Amino acid sequence: MSENELMQWAALGAGGVVGGGVIFAIARFVKQQNAIWPDAAAKYGLTYSKKSEPIPLGNSRDFDLLDGPSLSVVSMREQIGRTRRRSNVITARSVAWPSPARFDVESTRPAASFHLVTTGDAAFDARRFVTSESKAAVQAVLTPTVRAALLQCPQHTLRITCEGQQVVVSFGELVTDAKELTGAIDLALALAKGP
Amino acid sequence: MSDLEQYLDQLGAAHGFSKEELEANRRGAIHPAQLARSQRGAVSGPVFWVLLVVVLLAGGLGGAYAFVDGSSSPLSRVDRNALIGILGATAIGALVFSAVGFASVRRAARRREAFRAGSVTVVEGLVAKGGVRGSASTFWLDLGGKRFFVSQRTWELVTHGATYRGYLIAGQMVTFEPVR
């Protein structure tokens, strides 16, 4: 075999390895994505189901649902024309809240600090920015357990409402990592225990 | 300067109002600067549409003239059809833009009139922020059962779930402030 032929075989082999690697990585990613919801259902003892609502003109609205006696998750993906909407809402039954606490938690400092709530935990306050008008109520909600759960959530923005006897945690991004889902569920469960 | 005053400065800079205007709206009055701003575009709006139609007519008629000038005389049947096409498209385009322009100018005039005759109404409640990001980003605030479209800068300054009071003139939220 000439040196030229050897080079061609080597290039072909390298191309085959790279191509195989790409196909393997894609297959692994798809498998991981498909496992996110059933795995979460198994972990928290919930029932997993999917639902699709047809919308005319090739548009779609799809749901991933987790349902249990004291916790439910509704994840919606909607495509209408070029507009995509994603929403994930986790609702958990909780202790009764004496006063409602509604707050947003962001991983970047908000444009205005007027409604910024500090917890006194410097490590937390440097990494998560909480905004709400009911500062005292929110400070009571943000126990060390809740703060630790919040730090485990990778989302840029989380919207939280503690009212009546329930906790609602919501975020807008598409769930592409199991941590985004389990982190938010753990947060809802931590909040549900109350201050 | 208190936190609230700083925040009002930020909101005013983003949404386009001054503290004096906010103060006037709190009293139920329209500030002269708001009235002056609302009356802008009384001349530039119609002028824009007239110019657009004139340019369209000039382009279409000029193109038709150039087409006839460059064709053999008498015009062949194909050239005559092409000429009819050019003139027809010019006429339809001019009519459509005239109609759209007329409607837009009338709408703006009605808005200016409503602003002149209007009074300040107040909406208050928890704000729900909504938005669509992408090539055509849109941001809105739902307050007191009404939806107000705002700039991204204003939207980012508002806290979701907090109580705000908005002052409306002719349906537009001209100023707003946090209640707590």
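A residue is buried if 20 or more other C-beta atoms lie within 10 Å of its own, exposed if 12 or fewer, and partly exposed in between, with C-beta atoms placed from the backbone. Helices (H or I, at least four residues) and strands (E, at least two) are DSSP runs numbered from the N terminus.

This is a predicted model: local features need pLDDT of at least 70, side-chain atom pairs count only at pLDDT 80 or more, and totals for chains, interfaces and linings use all residues. Residues are numbered from 1 along each chain as its sequence is written, and chains are lettered from A in the order in which they are written.

**Exercise 1.** Find the buried residues of helix 2 (residues 19-26) of chain B and say how they are arranged about the axis.

*Solution.* 
- The buried residues are E21(B), A24(B) and N25(B).
- Down the axis of helix 2 of chain B, they fall within an arc of 100° (taken from the directions from the axis to the C-beta atoms), so they line one face of the helix.
- Their cover includes helix 3 (32-38) and strand 1 (120-126) of chain B.
- After helix 2 of chain B comes G28(B), with a positive phi near 90°.

Note on methods
Two residues are in contact if their C-beta atoms, placed from the backbone, lie within 7 Å.
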